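Let's take a friendly walk through a structure together. Keep the picture open while you read, and look for each part as it comes up.

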2 protein chains.
Amino acid sequence: MYDDREILLMKTRLREAGLRPTNQRLALSSILYSQGNRHITAERLHIEAQEQGIRVSLATVYNTLHQFTSADLLREVVVDSSRSYFDTNMGPHHHFFIENKGELVDIDGDDVEIRGLPSAPDGHVIKGIDVIVRLVAPKT
Amino acid sequence: MYDDREILLMKTRLREAGLRPTNQRLALSSILYSQGNRHITAERLHIEAQEQGIRVSLATVYNTLHQFTSADLLREVVVDSSRSYFDTNMGPHHHFFIENKGELVDIDGDDVEIRGLPSAPDGHVIKGIDVIVRLVAPKT
DNA sequence: ATAGCTGCAAATGCTTTGCAAGGCC
DNA sequence: GGCCTTGCAAAGCATTTGCAGCTAT
């Protein structure tokens, strides 16, 4: 949970992004940003909010995730065709995706070097490079 | 369109995969494999089939795409959370994804080298490594 | 006051499924 | 003949949207 100082910080970040610091947005940011980097789906964020006694609708969770993504407070990671993951780590990095758990793990971007990529076709702008290492966890 | 020799070849490949070489499957393979490597969605494959006067239901297109994927005749590429792309190129390679066109372009895997990836967590098996270079095409 | 938010429920879009009829070996 | 396939329509699921009521400034 956020302490008072963090609430103020987040209020400022939201205002700077042109978003009103509503209770729902502050509560969701608390879940997102007060436990280190996270990879979370809309459904899971909704559940965690409920567990903390926060009343938010799933529609608002989706709205918030997209608004945060537009505001560069969050990024969307496409690894699974059936659900969207949102990542609070905005630095350059890549991912392990553990397919049988639906779990993402960060790979620090500073460690990784990609060589030999052809340049983008004429006029095209590179928006980003995603490296996804797909894993299967042991049966236990 | 397939010629007779190619039809026989595909019949064999299907049988080897434990799939009966039905008209629908042969027609869809013709669209998939007789024009070089392709990246295609279920919807587009369905449309192209109709255009060639082949009667196939969308459900059968989906079934076929998944059966071909299980049989290693096709691979699924996850780049867009709202639709699935299927890739006929089974060799090692990566992709440009042109976001404003929904279009995939192959990057030969032999040219690309990735250094510095940490090893997978204990016991985890690497199923594959995907590199996706996200592009935006010029407005023109 | 008023522009922006929220929640609800309905709608959407892609994908999957159940099942009866048809096709392949 | 018997099992595999197909097509249709219905169902499923994650996500989006419309809109009336509420809230921050």
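## Salt bridges and a first look

A salt bridge here is a side-chain nitrogen of Lys or Arg within 4 Å of a carboxyl oxygen of Asp or Glu. By that rule, 14 salt bridges turn up over all chains. Please keep in mind that you are looking at a predicted model.

One salt bridge to find is the one between Arg134(A) and Glu99(A), whose closest N and O atoms are 3.0 Å apart. This pair links distant parts of the chain: Arg134(A) belongs to strand β7 of chain A, Glu99(A) sits in the loop between β4 and β5 (103-108) of chain A, and 35 residues separate them.

## The layout of chain A

Chain A has 4 helices and 7 strands. Starting at the N terminus, their order is α-α-β-α-α-β-β-β-β-β-β. If you trace the C-alpha atoms of chain A, they span about 50 × 45 × 25 Å along the principal axes.

## Where the two protein chains meet

How many residues does each chain bring to the contact? Chain A brings 38 residues, and chain B brings 38 residues. The size of an interface is often given as the accessible area lost when the parts come together. For chain A and chain B, about 3200 Å² is buried between them, with 62% of it on carbon and sulfur atoms. On the chain A side, Val78(A), Arg115(A) and Arg134(A) lose the most area to chain B, and together they make up 17% of what that side buries.

There are 4 salt bridges between chain A and chain B. In one of the salt bridges, the side chain of Arg134(B) meets that of Asp130(A), at 2.8 Å from N to O. Between chain A and chain B, 14 residue pairs are in polar contact. On the side of chain A that touches chain B, two or more residues come from each of β2 (75-80), β4 (93-98), β6 (113-115) and β7 (125-136) of chain A. The largest share of that side is from β7(A), with 12 residues. Sorted by class, the side of chain A that touches chain B holds 21 nonpolar, 7 polar and 10 charged residues.

Now look for a pair of strands that crosses between the chains. β6(A) pairs with strand β6 (residues 113-115) of chain B in the antiparallel sense, over 3 bridges. Within this pairing, Ile114(A) stands opposite Ile114(B) in β6(B).

## Around DNA strand C

Let's turn to the DNA. DNA strand C has 22residues around it, and those that come nearest are Thr22(A), Thr60(A), Arg20(B), Tyr62(B) and His66(B). Which part of DNA strand C do its atoms within 4 Å of the protein belong to? For 77% of these atoms it is sugar or phosphate, and the rest belong to bases.

A polar side-chain atom of Arg20(A) is 3.0 Å from a sugar or linking oxygen of DNA strand C. Gln24(A) also places a polar side-chain atom 2.7 Å from a sugar or linking oxygen of DNA strand C. Ser84(B) uses its backbone: an N or O atom there lies 2.9 Å from a phosphate oxygen of DNA strand C. At least two residues of the surface near DNA strand C come from each of α2 (23-33) and α4 of chain A and α4 and β3 (83-87) of chain B. α4(B) gives the most, with 5 residues. By class, the surface near DNA strand C has 7 nonpolar, 9 polar and 6 charged residues.

## Around DNA strand D

DNA strand D is surrounded by 22 residues, the closest being Tyr62(A), His66(A), Thr22(B), Gln24(B) and Thr60(B). Of the atoms of DNA strand D that come within 4 Å of the protein, sugar and phosphate account for 83%.

Tyr62(A) has a polar side-chain atom 2.3 Å from a phosphate oxygen of DNA strand D. In the side chain of Arg25(B), an N or O atom is 3.1 Å from a sugar or linking oxygen of DNA strand D. Two or more residues of the surface near DNA strand D come from each of α4 (58-70) and β3 (83-87) of chain A, and α2 (23-33) and α4 (58-70) of chain B. The largest share, 4 residues, comes from α4(A). This surface divides into 6 nonpolar, 10 polar and 6 charged residues.

Terms used: Residues are numbered from 1 along each chain as its sequence is written. Chains are lettered from A and ligands numbered from 1 in the order in which they are written. This is a predicted model: local features need pLDDT of at least 70, side-chain atom pairs count only at pLDDT 80 or more; totals for chains, interfaces and linings use all residues. Side-chain values use heavy atoms; hydrogens and water are left out. A residue is near a molecule or strand if one of its heavy atoms lies within 4 Å of it. A polar contact is a pair of N or O atoms within 3.5 Å; within protein, one must be able to donate a hydrogen and the other to accept it, and residues adjacent in sequence count only if both atoms are side-chain atoms. Ala, Val, Leu, Ile, Met, Phe, Trp, Tyr, Cys and Pro count as nonpolar, Asp, Glu, Lys and Arg as charged, and the others, Gly among them, as polar. Contact means heavy atoms within 4.5 Å. Buried area is the accessible area (1.4 Å probe) that two parts lose on being put together, summed over both. Two strands pair if DSSP finds at least two bridges between them.
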